Amino acid sequence: MIEKVLVRKGYSFKTKITVKSLISLGLVALAVALPQIIHAATGQAGGVQWLPMYLPVLLGGCLLGLWWGLGIGVMSPIVSFLITLAFGNPMPAAARLPFMVAELAVIAVIAGLFGKKISVNGWMAFPAVILAFVAGRTAFMLLALIFQAVTPFTPQLIWSQIQTGLIGLVLQAVIVPFIVMGLKVLIDKDNHERLNDGEE
């Protein structure tokens with residue numbers, strides 16, 4: 001959706017990269033900050049329940065498309081881990097980090113695949129978010145099954161966490177599409193006003 005706006009405004013390639021980079025950095029920063037806020041407000045279990053890091057990654061995929069979304073999905077847990085490690089309490093934990101990188105990468109890719117459709121019809125953000133969540137959680141479960149002998153994560157534990165996170169999943173399945181659709185309305189309104197100004 002952002003790409004369409006940048007093309008419509010006739011920005012240069014360098015400007016497009018700059019804008020997308022700034023948006024990506026902002027979303028990664030949000031992905032680092034949100035879990036801290038949720039954990040401070042609800043305790044250690046809040047992350048599993050509300051899935052705060054997932055929201056910026058979903059937005060990244062929906063707004064910026066597959067590749068930029070993938071970058072946000074991969075970098076968010078890594079940056080969060082490195083920053084929080086410096087304070088002695090890494091988040092996510094080292095054992096969970098590879099799983100989260102893989103899961104968020106899948107979520108970002110699926111959401112990003114809907115990017116062009118969303119730029120045409122904002123409501124497509126709903127299936128994008130739902131399918132992204134299903135694919136991401138499935139990937140996490142499969143990885144836990146494959147590597148259960150060498151990690152603390154068993155399929156039973158992951159299934160329990162998936163059930164705990166249903167509240168956050170449902171909430172984000174509503175919030176993220178409405179944010180995306182709201183931005184699309186603002187973008188379309190701005191474009192309509194520019195066209196009208198041009199006609200005058």
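These questions and answers cover the pockets, the cavity and some helix packing of a predicted model.

Residues are numbered from 1 along each chain as its sequence is written, and side-chain values use heavy atoms, with hydrogens and water left out. In this predicted model local features need pLDDT of at least 70 and side-chain atom pairs count only at pLDDT 80 or more, while totals for chains, interfaces and linings use all residues.

Me: How much space lies in the largest pocket?
Reply: A pocket is an open set of points on a 1 Å grid over the protein atoms alone, with protein on both sides within 12 Å along at least five of seven lines. Points are joined across faces, edges and corners, and a volume is the space filled by probe spheres set on them. For the largest pocket that space is about 370 Å³.

Me: Which elements give two or more residues to the lining of the largest pocket?
Reply: Lining residues have an atom within 4 Å of a point. There are 18 here, and H39, G47, V48, M91 and R96 lie nearest the centre. Helices (H or I, at least four residues) are DSSP runs, numbered from the N terminus. The elements are α2 (13-42) and α3 (46-50).

Me: How many residues of the lining of the largest pocket are charged?
Reply: Ala, Val, Leu, Ile, Met, Phe, Trp, Tyr, Cys and Pro count as nonpolar, Asp, Glu, Lys and Arg as charged, and the others, Gly among them, as polar. The lining has 12 nonpolar and five polar residues. The charged count is one.

Me: Which residues are the closest to the centre of the second largest pocket?
Reply: This pocket holds about 240 Å³ of space. Its lining has 14 residues, and the closest to the centre are M1, E3, G65, G115 and K116.

Me: Which residues line the largest cavity?
Reply: A cavity is a set of points where a 1.4 Å probe fits but cannot get out. The count comes to one cavity of 30 Å³ or more, and the largest has about 50 Å³ of space. By class its lining has three nonpolar, one polar and four charged residues. They are M1, K4, V5, R8, S119, K184, I187 and D188.

Me: Why is α4 oblique to α8?
Reply: Axes are lines fitted to C-alpha atoms, for helices over the stretch in contact, and angles run from 0 to 180 degrees between N-to-C directions. Angles under 35 degrees count as roughly parallel, over 145 as roughly antiparallel, 65 to 115 as roughly perpendicular and the rest as oblique. Helix α4 (residues 54-64) and helix α8 (residues 125-146) have axes 11 Å apart, at an angle of about 120°. That angle makes the pair oblique.

Me: Which residues of α8 make the contact with α4?
Reply: Contact means heavy atoms within 4.5 Å. From α4 come Y54, L58 and C62. From α8 come A128, V129, A132, F133 and R137.

Me: How are α8 and α9 placed relative to each other?
Reply: Residues 155-164 form helix α9, whose axis lies 8 Å from that of α8. R137, F140, M141, A144 and L145 in α8 meet P155, I158, W159, Q161 and I162 in α9. The packing angle is about 160°. The two helices are therefore roughly antiparallel.

Me: Which residues does L169 touch, not counting those up to four places away in sequence?
Reply: L169 is found in helix α10 (residues 166-199). Its C-alpha is 9.2 Å from that of V129, 40 residues away in sequence. The residues touched are L51 and F133.
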